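Work through these exercises with the structure open beside you. Try each task before reading its solution.

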Amino acid sequence: MNNSINILDIIRGTTVDGPGFRTSIYIAGCRHACPGCHNPSSWDFNAGSPYSIDEIMEIIEEEDFDVTLSGGDPLYHPEFVKEIIGRIHSLGHNVWLYTGFRWEEIISSPLLLDAIREADVIVDSPFILALRDTDLLFRGSSNQRIIDVQKSISGDIVLWERK
């Protein structure tokens, strides 16, 4: 795996990318190119600044919040995703991941499935401008699903429920 990955931003203490206070990591690079995307500057794989996993983990440890991986699309960097999720879990934090890939695409790809296998929740599917709904919790369009990965990994999709 490459020693660094381009990060657009790391937002500490956010409450919009999942439940509770979170550290949100915006990873550069996306090929979905969703019309109406709220962050089209994230599509460029060369945008942002390079960070090593160790540098990112120092920030996560310092902040001590649960973590959201967003972008861009983190799943264009599956080896990074797999490694960082494992390291975040070793600190006792949960991990949410936003992706434009649909769950069905992820589980049919051994590489993508391996990357998300330890994630807690993914918000899947591309943003669709015609389905935009600002009243939705933690997602931008009604086609996107908030999936409980651990309950869904070996069978039917189980949607995350707020406790």
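The exercises below concern a predicted model.

**Exercise 1. Characterise the largest pocket: its volume, its lining and the classes of its residues.**

Solution. 
- Rolling a probe the size of a water molecule over the atoms shows where empty space is left.
- Next, take the volume. The largest pocket comes to about 680 Å³.
- Now list the lining. It has 31 residues, and His-38, Tyr-98, Phe-127, Gly-140 and Gln-144 lie nearest the pocket centre.
- Finally, sort the lining by class. There are 14 polar, 12 nonpolar and five charged residues.

**Exercise 2. Describe how helices H1 and H2 pack.**

Solution. 
- Recall what is needed. Two packed helices are described by the angle between their axes and the distance between the axes.
- Locate the helices. H1 covers residues 53-63 and H2 covers residues 78-90.
- The axes of H1 and H2 come within 11 Å and cross at roughly 35°.
- The H1 and H2 crossing is right-handed.
- Name the contacts. H1 supplies Ile-53, Asp-54, Ile-56, Met-57 and Ile-60. H2 supplies Phe-80, Glu-83, Ile-84, Arg-87 and Ile-88.
- Sort this contact by class. It has seven nonpolar residues, three charged ones and no polar ones.

**Exercise 3. Decide whether Ser-42 is buried or exposed, and find its contacts.**

Solution. 
- Ser-42 sits in the loop between strand S2 (22-27) and strand S3 (49-52).
- Apply the cut-off. Buried means under 20% relative accessible area. Ser-42 has 1% relative accessibility, so it counts as buried.
- Look beyond residues up to four places away in sequence. Ser-42 then touches Leu-8, Ile-27, Ala-28, Gly-29, Cys-30, Gly-71 and Gly-72.
- Follow two of these contacts, Gly-71 and Gly-72. The peptide bond from Gly-71 to Gly-72 is cis, with omega near 25°. Gly-72 lies in the loop between strand S4 (66-71) and H2.

**Exercise 4. Examine the backbone and accessibility of Ala-33 and Phe-138.**

Solution. 
- Most residues other than glycine have a negative phi, and most peptide bonds are trans.
- Take Ala-33. Its phi is positive, about 50°, although Ala-33 is not a glycine. Ala-33 is in the loop between S2 and S3.
- Take Phe-138. Its phi is also positive, about 60°, and Phe-138 is not a glycine either. Phe-138 is in the loop between strand S6 (121-124) and strand S7 (145-148).
- Check accessibility. Ala-33 has a relative accessible area of 35%, so it is partly exposed. Phe-138 has 9%, so it is buried.

**Exercise 5. Classify Lys-151 and Gly-155 by accessibility, then place each one.**

Solution. 
- Begin with Lys-151. It belongs to helix H5 (residues 149-152).
- Exposed means over 50% relative accessible area. Lys-151 has 54% relative accessibility, so it counts as exposed.
- Set aside neighbours within four places in sequence. Lys-151 is then in contact with Asp-156 and Val-158.
- The C-alpha atoms of Lys-151 and Cys-37 are separated by 29 Å, and the two residues are 114 residues apart along the chain.
- Move to Gly-155. It is in the segment after H5. Its relative accessibility is 45%, so Gly-155 counts as partly exposed.

Key
Residues are numbered from 1 along each chain as its sequence is written. This is a predicted model: local features need pLDDT of at least 70, side-chain atom pairs count only at pLDDT 80 or more; totals for chains, interfaces and linings use all residues. Side-chain values use heavy atoms; hydrogens and water are left out. On a 1 Å grid over the protein atoms alone, a cavity is a set of points where a 1.4 Å probe fits but cannot get out, and a pocket is an open set with protein on both sides within 12 Å along at least five of seven lines; lining residues have an atom within 4 Å of a point. Grid points are joined across faces, edges and corners, and a volume is the space filled by probe spheres set on the points. Ala, Val, Leu, Ile, Met, Phe, Trp, Tyr, Cys and Pro count as nonpolar, Asp, Glu, Lys and Arg as charged, and the others, Gly among them, as polar. Axes are lines fitted to C-alpha atoms, for helices over the stretch in contact, and angles run from 0 to 180 degrees between N-to-C directions. Helices (H or I, at least four residues) and strands (E, at least two) are DSSP runs, numbered from the N terminus. A crossing is left-handed if the near helix is turned anticlockwise from the far one by less than a right angle, and right-handed if clockwise. Contact means heavy atoms within 4.5 Å. Buried means under 20% relative accessible area, exposed over 50%, partly exposed in between (1.4 Å probe, protein chains only).
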